[in-house]
Amino acid sequence: TCITQQIKEKGVFGRLCVYYQKVSLKLATVTFCDLPVSSGLEWLNTEGPLSLHKELAGKVVLLDFFTYCCINCMHILPHLHQLEKTHSVQDGLVIIGVHSAKFPNEKVLDNIGSAVLRYDICHPVVNDGEARLWHELEVSCWPTLVLLGPRGNLLFSLVGEGHRDRLALFAAAALRHYGARGALRPHAVGVRLYRDSLPPSVLSFPGKVAVDGGGGGGGRLAIADTGHHRVLITSLAGHLLHAVGGPESGRQDGDLSEASFNCPQGVAIRGDSVYVADTENHLIRKIDLLQGKVSTLAGVGTQGTDREGGAPGPQQPISSPWDVALGTAGGVEDNVLWIAMAGTHQIWALFLADGKLPRGSDSKAGTCVRWAGSGNEENRNNSYPHKAGFAQPSGLAAAPEEPWSCLFVADSESSSVRTLALKDGAVRLLVGGERDPLNLFAFGDVDGKGVDAKLQHPLGVAWAPEQSLLYVADSYNHKIKVVDPKTKLCSTLAGTGEAGDALGPEFSKACFSEPGGICVSGGGRLLYVADTNNHQVKVLDLVSKTVSPLNIVTESTDSAKPSPPTKAPPLPRSAARRELPPVCVSAGQTVVMTLTLSLPDGAKLTDEAPSCWALSAEGSERLLGGQLVTGDVVDLSRPLRVSAALPAAVEESDRGARLTLSVWLYYCLEAGHACTMKAASFSQPLRIGAGPGEGEVNVAWSHAF
């Protein structure tokens with residue numbers, strides 16, 4: 001009989017089966033029948049399914065019941081990492097993650113695999129998608145830790161977080177107890193880390209993206225390259241300006257070249273100051289681009305449990321800050337940094353200058369204090385900010401202008417978007433969630449108004465003041481949604497609802513994979529989306545209704561130097577298309593294309609949008625090494641010059657090939673401040689001769705928009 005029947009027969013609950021009486025360790029006789037290896041459960045980080053009676057026989061096994069959305073589950077991962085360093089598999093300890101999903105999206109193996117990579121989980125993980133193990137062991141909440149002896153006998157369980165010392169004590173005692181009796185076996189367990197199959201990429205699980213809100217920044221993006229433990233500063237076209245931190249985690253302040261972070265999430269940029277929610281360091285950091293320094297503004301480097309705050313920032317413990325947003329509270333403009341404190345389910349304030357919270361007392365510069373949220377994980381709205389309840393707030397967007405005057409909050413675990421009034425701190429529902437403040441399972445994918453709309457674990461929000469619209473990264477629905485706060489109407493803007501990496505061409509056919517961050521640029525014309533599990537930032541053009549990747553150029557470039565191969569944005573139907581006369585070339589030669597582009601009188605390229613070009617060879621991709629070559633257009637005062645070196649040997653099918661050079665230009669007319677995007681495509685047929693050749697073949701074109 002399985003564990004539930006055995007518990008009934010033994011007359012014990014199985015909650016705590018290790019008791020300390022002076023120095024003796026009494027072990028329960030309840031045994032767990034086995035991990036259900038024959039039931040088709042999926043495994044990660046192993047060479048195959050594991051059995052308590054085979055691969056795990058003679059091992060002390062720690063089962064970690066978790067769901068990857070849960071901040072409490074994330075909090076115990078460092079404790080498990082430390083336990084693995086202290087006691088190896090050869091010592092007799094094996095940790096197994098049992099993923100029992102809360103959300104439907106979390107039942108998908110690929111999504112669990114992404115979480116395993118994001119959290120750097122190096123022990124075996126089993127997908128308990130239908131909660132079979134959960135029910136057999138009568139688990140009731142996340143996280144729950146269950147320790148089994150070398151015969152599969154149940155020793156004890158710990159519910160919730162905050163048990164680091166007890167866990168270390170019990171695990172060490174069990175290993176000593178069974179080791180002294182010769183019950184442990186030193187054999188290895190077949191582990192094959194999922195991370196070893198991950199290809200390299202410029203970004204790794206980017207969490208958030210922010211655009212410079214002013215202060216002379218000249219149009220820049222701050223990107224939390226979370227998986228690489230760093231923050232990137234780029235131009236809006238993707239030129240890399242600064243890379244701070246990485247590739248390994250750390251918590252070092254100092255020069256940009258020496259500083260380090262640990263899974264940073266939220267970022268806010270204003271001029272030469274970048275504010276960072278250094279999530280797993282439990283810190284708020286500042287990158288000063290002018291001085292070339294990184295400093296710590298709040299947090300002590302370990303997880304805090306204080307729900308009130310009020311101490312100077314570097315002395316105030318905080319817990320898993322997930323997003324930050326600049327705002328104003330009773331003082332000069334941008335005198336406060338709002339913090340989505342996911343770890344304590346609250347919204348905090350870090351005063352950058354003297355100020356005062358609504359319904360609060362005066363605060364000196366440097367003070368870090370709770371603003372809203374009781375600390376209970378709830379979906380509770382209330383006119384008094386301290387009586388309201390949040391559930392893992394993960395995204396912030398400030399709307400200081402009237403009539404809104406609020407902070408929008410992506411409250412991920414209640415699957416809702418809430419508003420926090422800047423005048424009096426009142427917390428109200430905008431869309432999603434449920435009226436019952438204790439119901440954190442009111443999720444779905446439904447367009448509608450207010451509480452009738454349904455989201456699934458949204459992580460990001462972005463405010464477009466020009467249009468008075470709020471954009472939402474509905475992360476577990478793999479969608480971008482738009483909300484009219486006046487009518488509370490929430491509707492799908494882009495995404496199919498299935499995880500993927502398609503660019504469209506229409507918004508409805510574009511695919512994302514758990515997008516975690518979003519920001520608005522170009523006067524509300526462009527959305528930058530941190531497409532987290534696709535390791536990309538994508539750009540949504542709200543005028544042309546197209547989606548394109550932000551090609552991050554890691555080296556200094558001129559107007560036509562190619563960036564790393566990637567996907568080109570789709571051409572809009574309105575794009576000009578030109579078919580050029582064929583040109584004769586030979587294998588081994590280089591085709592040099594020179595394109596002179598001109599804009600209407602009084603127009604200039606906008607710095608707030610990524611004008612770019614792409615060279616392709618459809619049907620004969622091998623001519624370009626099987627890749628697509630792209631680059632940025634940043635200067636039209638000189639012609640665009642793009643080169644394509646043909647291979648020394650060509651196939652018969654290549655002799656009628658063609659090269660296509662496409663350009664996308666974003667420009668504004670000085671008169672009237674009207675802005676637009678125009679595209680053009682130039683198709684150059686090639687007649688490739690039979691013999692080899694050397695040197696260059698030049699072709700030149702011009703086009704006026």
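The report below treats the salt bridges and then the nonpolar cores.

This is a predicted model, in which local features need pLDDT of at least 70 and side-chain atom pairs count only at pLDDT 80 or more, while totals for chains, interfaces and linings use all residues. Residues are numbered from 1 along each chain as its sequence is written, and side-chain values use heavy atoms, with hydrogens and water left out.

## Salt bridges

A salt bridge is counted here when a side-chain nitrogen of Lys or Arg lies within 4 Å of a carboxyl oxygen of Asp or Glu, and by this rule there are 23 salt bridges.

| Asp-334 | Arg-270 | 2.4 Å |

Helices (H or I, at least four residues) and strands (E, at least two) are DSSP runs, numbered from the N terminus. The salt bridge between Asp-334 and Arg-270 links distant parts of the chain, 64 residues apart, with Asp-334 in the loop between β19 (321-327) and β20 (336-341) and Arg-270 in strand β14 (residues 267-270).

Buried means under 20% relative accessible area, exposed means over 50%, and partly exposed lies in between (1.4 Å probe, protein chains only). Glu-579 is exposed, with a relative accessible area of 53%, whereas Arg-658 is partly exposed at 31% and Arg-270 is partly exposed at 27%. Both Lys-538 and Asp-531, by contrast, are buried. Elsewhere, Asp-445, Asp-474, Lys-479 and Lys-481 are linked in a network of salt bridges.

## Nonpolar cores

A nonpolar core is a set of buried Ala, Val, Leu, Ile, Met, Phe, Trp, Tyr and Cys residues joined through side-chain atoms within 4.5 Å. Which residues touch the most other members of the largest core? Among its 38 residues, they are Val-60, Leu-62 and Leu-167. Elements that give two or more residues to this core include β4 (60-66), α2 (71-86) and α5 (164-180), and the largest share, seven residues, comes from α2.

Leaving aside neighbours within four places in sequence, Val-60 is in contact (heavy atoms within 4.5 Å) with residues including Leu-93, Leu-147, Ala-174 and Leu-184. A second, separate core of 33 residues includes Val-583, Leu-640, Ala-644 and Leu-661.
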